[in-house]
Protein chains: 2
Amino acid sequence: MTSTRKGIERRLWNKALALSAVMLLSACTNLRGTGDLGVVIERASGRVQVIEHSTHSRLATVDGLGDLSHASVVYSRDGRFAYVFGRDGGLSKVDLLRGRLVKRVLQAGNSIGGAVSQDGRLLAVSNYEPGGVRVFDAATLAPVADIPALDGRGNASKVVGLVDAPGNRFVFSLYDAGEIWIADLSIPAAPRLTKYTDVGRQPYDALITPDGRYYVAGLFGEDGMALVDLWHPERGVRRVLDDYGRGEQKLPVYKMPHLEGWAIAGEYAFVPAVGQHAVLVIDRREWRQIARIPVHGQPVFVMGRPDGRQVWVNFAHPHNDTLQVIDVDTLQIAKTLRPGKAVLHMEFTPRGEALWVSVRDEDRVDVYDTRSFERLAALPAAKPSGIFFTARAHRIGL
Amino acid sequence: MTSTRKGIERRLWNKALALSAVMLLSACTNLRGTGDLGVVIERASGRVQVIEHSTHSRLATVDGLGDLSHASVVYSRDGRFAYVFGRDGGLSKVDLLRGRLVKRVLQAGNSIGGAVSQDGRLLAVSNYEPGGVRVFDAATLAPVADIPALDGRGNASKVVGLVDAPGNRFVFSLYDAGEIWIADLSIPAAPRLTKYTDVGRQPYDALITPDGRYYVAGLFGEDGMALVDLWHPERGVRRVLDDYGRGEQKLPVYKMPHLEGWAIAGEYAFVPAVGQHAVLVIDRREWRQIARIPVHGQPVFVMGRPDGRQVWVNFAHPHNDTLQVIDVDTLQIAKTLRPGKAVLHMEFTPRGEALWVSVRDEDRVDVYDTRSFERLAALPAAKPSGIFFTARAHRIGL
């Protein structure tokens, strides 16, 4: 009897240990660093892939994120959580380590973009419909503040070009009102607003320089851009690049270029020309055009490799099967690549040795070596669009 | 009998499940992002603290790292592993998530610094004794390549100022030989070397600009600096800042300033003057001094906040209880702080909202809000020196 009991105990014990080991293994395989993670938006499926860019692999797929036809992503400051802003006003928090959706709120009827505050505690979402900016707690997604975008006459405005800036500030533009606002969220529930009116007709998108100093809004309703120096908000808005825009001829514009795609490389900014087959080179000290580089089509994203030596460009339909690489030193095209139909977005690895490319109509994400231009990997993805790596958590204005 | 046996089985099973749960819990509590982690060197104890900077807390202590009296740290590209280069030639790999030493090799008799390649696969360590650079596999710490630093006559040289550069290159200086070498590790076991001779007497330290383009070595044996444009290695070494150094008067220099402490902010570089109570402002386009800012003592580290709006400075003995903050816009001292005795090192959070400060003789690490200058936290630490956050994994030249 004793020996039988001991036998049972031993067998059960061994079984329990084996079970523990299996549970441990399955639960802890996702114990890993988050510095080389990212997400790829699968725009047609309301889904994101969680990927890692050290060995080019897919770790998980997370769905139920709603309409991602125009989605953007920011990260928690530890790099574990992705916040996905969807077209339908959905704000989703995705746990990259567990590969699952933590929380999702439908914060408005129609949103266009978002940002995370410098301290990582607040998320701001800009809305087309009903307009305005809503601010959420990044940990819980609980609402913190609501900033209606009403002009002087009380009319609601679409909000575009929302970015974060140092000092827990957000900066954004009011499309209909033609205004730029700075919201200081030092006291999260009581935003302090600085408003600039008459900045130009229909600001449609904006960028902030990587140091968080200059906010530049593009204008849909006229040529030129509106610039705010955030070191000197008291100086107001300055008009720069008066020729930038659709110009006199009003060429057909297949897609207004994304301004967040501007490449800032050293003292130059590389800018997609509107409606033309050209990338413009701007001297950043004087915000003046100094060169014009003919390219393959109408540029959409113009992105600088992190070391500033190369600028990669994708194009609007019907030239969107192509990528071109500009050598910043010579301002010449160094390489033309044809990844396939509908090259929608690109993301560099943090130190720039590789570039990930979404090729929507080929259902593929390609990885290129930026030095040899060799294709290192190709990953299947359903209608991929935006690619966003966790290193963004550590950058200003992304 | 059956029921007894079933009873025993049930009790044992429950016990086993409880045990599994406990094991799971203890093993997986360290499932977390690594983007807000870092290490603090406890120089006298051969130990590092693993910290996180979202809520200012210590997560673990890892000891057995040898002589850390002059230590530096780089990170794996996923941010999980810290590589600690010790004074005794020790190279240690620390797992931040598990809070333990993974591996340690004694690679040379006396080392001074190290770097990680752009692709994260290689570690390079520079040595005083026996001199030269050794290259290791970042995953296993197995030796990959050995680069003896012999001048044209076959004499061994101390190696200093080792940094990584884009294209899986390392750049370093030979103190005794007066040379600068570029090692291209595209084929890891067969480094291709480019050597510049007669760069100046006794290069003692160096920096690379954040874009990885310019390598600048300081000279101990004469005034001036040696600059290599890595976009144009064929152009050779250029001498710049001819007045930089100890000058005619040969003032007593309590501590040669670290060049890696140079702050690159926009078009300016902020540079510690040697032996003088001043920070020099250099125009980066022409590498020419344009201003001189009087400060509290002989500067050691001159570090730019990530947005480039502030530069923080600590000082050599006997003024090393003080920190000063320069406003980059006005080039004036914006703030003077006295954290306590022996302020040795500083590290900004990735987006610059806070600064961590080692106060060695107070056995404390302080955290400051960089906007209000308020002290946010103080953590106990035994003789802390270097502070290194994982965001360095994503930067060039750190």
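Through which surface do the copies, chain B and chain A, meet? In this predicted model, in which local features need pLDDT of at least 70, side-chain atom pairs count only at pLDDT 80 or more, and totals for chains, interfaces and linings use all residues, 100% of the interface residues of chain B are also interface residues in chain A, so the copies meet through the same surface. Residues are numbered from 1 along each chain as its sequence is written, chains are lettered from A and ligands numbered from 1 in the order in which they are written, and side-chain values use heavy atoms, with hydrogens and water left out.

The contact (heavy atoms within 4.5 Å) draws 62 residues from chain B and 64 residues from chain A. About 5800 Å² is buried between the two chains, 55% of it given by carbon and sulfur atoms; buried area here is the accessible area (1.4 Å probe) that two parts lose on being put together, summed over both.

Between chain B and chain A there are 8 salt bridges, each defined as a side-chain nitrogen of Lys or Arg within 4 Å of a carboxyl oxygen of Asp or Glu. A salt bridge joins the side chains of A:Arg351 and B:Asp164, with an N to O distance of 2.7 Å. On the side of chain B that touches chain A, helix H1 (residues 2-28) of chain B contributes the largest share, 13 residues, where helices (H or I, at least four residues) and strands (E, at least two) are DSSP runs numbered from the N terminus.

The secondary structure of chain A comprises 1 helix and 32 strands, and the C-alpha trace of this chain spans about 100 × 50 × 35 Å along its principal axes.

Over all chains, the count of salt bridges comes to 47. Within chain A, the side chains of A:Arg134 and A:Asp146 form a salt bridge at 3.7 Å, N to O. Because A:Arg134 lies in strand S10 (residues 133-137) and A:Asp146 in strand S11 (residues 143-147) of chain A, this pair ties together parts that are 12 residues apart in sequence.
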